Amino acid sequence: MARGAVAVTGAGVAALVAALVLLPLGAVALRAGAWPSLVPGDAQTLWFTLWQAVVSALLSCLLAVPVARALARRRFAGRGALITLMGAPFLLPVIVAVMGLIAVFGRSGLVNGLLAGLGVAPVSIYGAQGVVLAHVFLNLPLAVRMVLQGWQSIPAERFRLAESLGFAPAQVALHLERPMLRAVLPGAFAVILVVCLTCFAVALTLGGGPKATTVELAIYQAVRFDFDLGRAAMLSGLQFALCATIAVLAWRAVTPTSFGAGLGRAPVVQARGAGPLLADVLAIGLAAGFLLLPLGAIVLRGLPGLAEVPVAVWAAAGRSVTVALISTAATVAAALVLALRVAQGGPGALVLDGIALLPLATSGLVLGTGLFLLVQPWAAPSDLALPVTVAANVALSLPFVYRLLLPEARVLFADYGRLSDSLGLHGAAWLRLVAVPRLARPLGFGAGLVAALSMGDLGVIALFASDQTATLPLVVQRLMAAYRIDTAAAAALVLVAISFALFWAFDAWGRWHAAT
Amino acid sequence: MRTSILATGFSCVALMAAAETPVLTVYAGDYFTSEWGPGPAIEAGFEAFCNCDLQFSTGDLMPRLLLEGDRTKADVVIGLTTDVLARARATGFFGPHGQDLSALTLPVAWPDDTFLPFNWGHTAFVYDTTRMEAPPATLEAMRSLPEAVKVVIQDPRTSISGLALVLWVKAVYGDQAGAFWADLAPHILTVTKDWSESYGLFTAGEADMVLSYTTSPAYHIFAENDLTKKAAIFPEGHYFMAETVGKIAATDQPELADAFMAWVLTPDFQKTIPVANWSLPSALSQADWLEGWAALPMPDKVLFLTETEAEAMRVEAVEEWRAALSQ
């Protein structure tokens with residue numbers, strides 16, 4: 001294996017990522033000058049941010065276990081499609097997701113309609129419970145996929161062995177499933193926790209008021225409304241510290257699994273009896289209902305306006321797809337190099353691991369403002385709107401892909417490293433024959449994630465956008481600002497459909513390659 | 001890092017600055033230049049006589065100007081709302097507009113020699129007559145709404161209209177503003193980041209009333225032929241808001257910038273405002289308004305805070321709002 005090449009490119013990519021994240025933050029802090037103090041309400045903001053993120057991440061992870069187990073051990077018609085579809089909420093632009101949730105859980109939504117029919121008091125989606133509900137809706141799909149991948153990474157041979165040894169379900173859980181969960185859940189928890197920490201659109205629409213202020217919202221206010229760069233820099237520093245602490249704690253909780261290599265056969269996970277069957281049916285049914293009903297509402301809401309979607313929407317869609325595809329190629333390449341380098345271990349692996357997760361903790365707004373400050377002496381920022389969007393997309397989605405690839409890259413080295421070495425496989429041949437086929441599933445899933453996330457991103461380019469470079473989310477927002485709410489819903493549906501199609505195409509590629 | 005950006009292979013906008021055509025660069029808010037905003041009509045109208053190329057550059061106005069400082073490419077900035085004028089003026093970037101203000105038809109005095117208003121409106125709570133038969137008749141009545149009535153408003157820390165609301169309440173209630181908020185709090189369904197999310201919730205049937213503008217019903221009447229959306233008009237008065245144009249003092253196109261400023265007050269420009277911006281023109285007598293617009297219900301009393309008053313009140317008013325709604 002070309003260990004030297006991986007090490008050098010890995011370090012290069014890491015340096016680039018660190019620069020992309022830290023330089024803008026530094027530019028903002030430098031420009032700010034005076035260091036401000038905290039204001040009344042900041043303690044409450046910090047507390048709410050942390051509290052809702054911990055609860056949301058915990059719930060997402062706990063709920064993901066039965067759902068992923070059910071999906072791992074059952075085979076039924078439409079299973080593949082269901083798994084793909086259930087991944088969709090994570091890909092939704094937050095504002096679209098919120099509208100879908102409101103259609104189901106809102107005051108005049110489906111659930112309250114049913115409850116009213118039964119004579120039960122209505123439930124309210126507005127308030128802290130709504131924020132948690134929305135965060136679970138957005139992140140449960142990610143948790144399910146990460147845990148499901150954990151299940152699928154246990155070689156089928158281990159389950160066969162367990163079966164032939166007459167293991168009871170409790171013993172399978174003890175020897176196979178619990179070690180896998182110990183390895184997968186802390187990572188999933190940390191990623192979702194950080195996503196919930198840095199998200200603010202959900203909290204602001206469903207939070208019910210200033211009680212639900214998050215740190216990211218305070219940053220938004222400081223940058224766009226008060227123009228207080230010092231406060232923005234201080235708050236994002238605070239957010240950074242918070243996320244870094246979590247990343248370190250999660251890192252310490254991770255224990256790598258060692259199930260050994262398998263033959264790559266499709267797993268046959270058996271769980272006989274009515275009890276497990278009922279549990280699995282319930283888990284899949286409830287999760288599918290929870291995740292798919294709001295999606296259905298988004299589709300229904302957007303369909304009527306679809307016929308009269310203006311040309312500007314399609315032009316913006318074209319731009320968005322181009323941006324998404326370039327972002328995907330760059331992100332996947334960077335994440336693969338980083339994951340391979342870190343999986344090799346050795347000096348510096350820990351530092352690189354930290355750098356790969358660094359962008360998760362950054363605020364998109366501060367990143368955008370900092371890039372603006374850096375770019376502006378050299379070029380007109382509006383000319384660079386799309387390249388900056390790509391750069392921001394790469395930075396902000398890199399941690400997800402990296403996180404997906406890392407455990408599998410570790411397994412790859414542990415299981416196939418010596419064989420590859422003894423066969424003298426290295427360089428491009430090793431990538432093509434060993435790495436890509438073994439990593440195809442997370443590569444495809446990760447590429448799908450980046451593509452979809454890159455379709456939706458908005459916050460970063462608020463300072464750069466011009467008319468010729470408007471991306472689809474921006475057009476949706478403009479339509480809403482011009483009262484064209486039906487057209488906006490249709491454009492949002494176009495956005496969701498394209499995001500999902502991109503995700504599906506990449507994910508299907510990954511699964512197809514993993515299967516062959 | 002810059003190399004990486006360049007290496008992504010994008011080089012998007014080819015600047016087609018033909019040497020013989022001077023370019024007037026106008027910074028505008030993000031909503032402004034889409035085909036559903038007033039930008040395209042304004043651009044076409046001005047280019048028809050200016051022998052120039054008007055180029056809009058969209059995005060956040062104040063953050064961008066402050067970040068760019070002396071390097072700004074802007075000649076003219078359009079869309080600065082009354083609430084940010086104190087801060088815009090303090091930058092020292094803007095020069096006198098040099099226009100005769102006698103053409104203005106605003107309901108308030110406007111002696112400003114720097115910022116020229118091009119539209120105006122008031123904040124108001126909008127309701128749907130099919131869902132609310134007896135809207136509150138006064139702002140005071142908002143404190144004792146029936147239990148089930150829910151209102152959706154915008155965050156004064158992130159939205160111009162949300163800020164206008166807390167200033168409105170502060171202007172009416174003064175020291176008692178906190179008590180007003182405490183009474184309204186149980187009826188506030190949620191607070192959104194900006195106006196469009198609130199309005200979306202309202203039209204989706206989630207809220208009975210939404211903080212919007214007295215001119216919002218006009219969109220439903222004239223664009224959708226829907227007469228069910230109305231603004232509740234209160235005798236305590238409504239908070240006045242205007243959007244303004246300012247000329248960058250250091251512009252390299254002073255003649256064009258002056259011509260643009262002059263054009264803003266002409267009927268040609270003013271007539272594009274109502275249906276493109278869904279607000280009222282700043283220099284057009286009611287007799288020249290489009291049919292039906294003069295019939296929109298408007299408040300008798302207009303509350304207007306000068307930028308000094310508004311700026312002095314802002315921090316306290318927002319903090320009272322935050323404290324009352326955080327209970």
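The centres of domain 1 and domain 2 of chain A, taken over C-alpha atoms, are 21 Å apart; the domain bounds come from an automatic or database domain assignment. This is a predicted model, in which local features need pLDDT of at least 70, side-chain atom pairs count only at pLDDT 80 or more, and totals for chains, interfaces and linings use all residues. Residues are numbered from 1 along each chain as its sequence is written, and chains are lettered from A and ligands numbered from 1 in the order in which they are written. The predictor assigns the complex an ipTM of 0.80 and a pTM of 0.84.

**Domains of chain A**

- Domain 1 of chain A comprises 1-35 + 308-516, and domain 2 comprises 38-258 + 276-297.
- Between them, 37 residues of domain 1 of chain A are in contact with 32 residues of domain 2 of chain A, where contact requires that the C-beta atoms of two residues, placed from the backbone, lie within 7 Å.
- On the domain 1 side of this contact in chain A, the elements giving two or more residues are α1, α15 (349-361), α16, α17, α18 (427-456) and α20 (485-515).
- The most, eight residues, comes from α20(A).
- That side of domain 1 of chain A has 26 nonpolar, five polar and six charged residues; Ala, Val, Leu, Ile, Met, Phe, Trp, Tyr, Cys and Pro count as nonpolar, Asp, Glu, Lys and Arg as charged, and the others, Gly among them, as polar.

- Chain A has 20 helices and zero strands; helices (H or I, at least four residues) and strands (E, at least two) are DSSP runs, numbered from the N terminus.
- Along the principal axes, the C-alpha atoms of chain A fill a box of roughly 65 × 65 × 45 Å.
- Of the 516 residues in chain A, 56% are buried; a residue is buried if 20 or more other C-beta atoms lie within 10 Å of its own, exposed if 12 or fewer, and partly exposed in between, with C-beta atoms placed from the backbone.
- Among contacts in chain A between residues at least 6 apart in sequence, 87% join residues at least 24 apart.
- Just after α6(A), A:Gly119 has a positive phi of about 75°.

**Contact between chains A and B**

- Chain A contributes 64 residues to the contact and chain B 51 residues.
- α17(A) supplies the largest share of the chain A side, six residues.
- By class, the side of chain A that touches chain B divides into 42 nonpolar, 15 polar and seven charged residues.

**Chain B**

- Domain 1 of chain B is 19-120 + 241-295, and domain 2 is 122-240 + 298-325.
- Their centres, taken over C-alpha atoms, lie 26 Å apart.
- The contact between them takes 16 residues from domain 1 of chain B and 19 residues from domain 2 of chain B.
- On the domain 1 side, α4 (85-90) and β10 (238-248) of chain B are the elements that give two or more residues.
- Chain B averages a pLDDT of 88, with 94% of the residues scoring at least 70; pLDDT is the predictor's confidence in each residue, from 0 to 100.
- Over residues 1-19 of chain B, pLDDT stays under 50, and the model has 28 contacts beyond four places in sequence for them.
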